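We will go stop by stop.

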Amino acid sequence: MRRSWTSLVYLYILAIVLFILGPVLIIIPQSFSGGDMFSFPPAEFSLAQYQKLLQDERILASLWLSLSIGAASTVLAGLIGLCAALGIVKGNLPAKNLLESLFLGPLIVPLVTTGIGFLILFVPLGLVGSPLGIVLAHTVVISPYVVRILIATLRHFNPVQEEAAIVHGANSWYAFRTVVLPQLLPALLSGAILAFLVSLDEYTVTVFLAQADTVTIPIRIYQYVSLDINPVVTALASLTVILSFGLIVLLEKRFKIHKYLEM
């Protein structure tokens, strides 16, 4: 009886995992289809979609743009997140709880609303359709991920080593650079990679700010699916899925990222 109950529990867990990951994983076998339309299971298997992907200049240009925007916005979000977390946790600021809630605001406000706000703000500044405008918008959207992880890490930070360094004559900057920052580095790197993946996938805000020469990869994929019904996007989506899972596995193996998400 107990063995049957355990088997049912495993089946239930397997069903939940397949329900969550199924829509993502089904793209991978589909990307090896040799047909010109979406069909599952594929009638034939080939690398045709990957060959077309490497020859598609519009997709490659969008991919390069998305990677550039993701890298730039991640650097900015990392700097903002580090300063914000240090100020909220270790600084002597009034209304810290309110400040923390405000920094997490972009996670709560609907992205459509955020996108309309950026459109209204950026039109007079001439930033609509420019990579700089999209970088600034992505920085706002992804900063909360870095702030959340760093705040949680700093609240569990043991100050003994920092205090010992200051007692032995180190100034605040030297103690921060040699004691605090090295211990924050795994959390900062985890938050940065998570923020980069969110930027790479961001569609809702970007679509308000993009123009013909600033089409990021999520918008390009949507165009290919809705206008051309072009199955080459399955190859790109598969590579994105593999890259994302690879980074998550690397983060978990190297930095035990689940610790920062549980804090």
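Start by selecting Ser 238, which is in contact (heavy atoms within 4.5 Å) with Ile 27, Ile 28, Ser 31 and Tyr 50, leaving aside its neighbours within four places in sequence. This is a predicted model, in which local features need pLDDT of at least 70 and side-chain atom pairs count only at pLDDT 80 or more, while totals for chains, interfaces and linings use all residues. Residues are numbered from 1 along each chain as its sequence is written, and side-chain values use heavy atoms, with hydrogens and water left out.

Ser 238 sits in helix α13 (residues 232-255); helices here are DSSP runs of H or I with at least four residues, numbered from the N terminus.

Next, pick Gln 49 in helix α3 (residues 48-55). Gln 49 is buried too, at 0% relative accessible area. Beyond its neighbours within four places in sequence, Gln 49 has contacts that include Ser 31, Gly 34, Pro 231 and Thr 234.

**Stop two: a helix pair**

Now show helix α4 (residues 57-89) together with helix α12 (residues 217-228): they pack at about 150°, with axes 8 Å apart. Axes are lines fitted to C-alpha atoms, for helices over the stretch in contact, and angles run from 0 to 180 degrees between N-to-C directions. The pair α4 and α12 is therefore roughly antiparallel, a term for angles over 145 degrees. To see the contact, select Arg 58, Ile 59, Ser 62, Leu 63 and Ser 66 of α4, with Ile 217, Pro 218, Arg 220, Tyr 224 and Asp 228 of α12.

**Stop three: the cores**

Which residues have the most contacts inside the largest nonpolar core? Select Leu 82, Val 146, Leu 150 and Leu 184, in a core of 20 residues; such a core is a set of buried Ala, Val, Leu, Ile, Met, Phe, Trp, Tyr and Cys residues joined through side-chain atoms within 4.5 Å. Elements giving two or more residues to this core are α4, α8 and α10 (172-201), and α8 provides the largest share, seven residues. A second, separate core of eleven residues includes Leu 127, Ile 134, Val 141 and Val 205.

**Last stop: Arg 148**

Finish on Arg 148 in helix α8 (residues 131-155). Arg 148 counts as partly exposed because its relative accessibility is 35%.

Note on methods. Buried < 20%, exposed > 50% of the residue type's maximum accessible area, 1.4 Å probe, protein only. Parallel < 35°, antiparallel > 145°, perpendicular 65-115°, else oblique.
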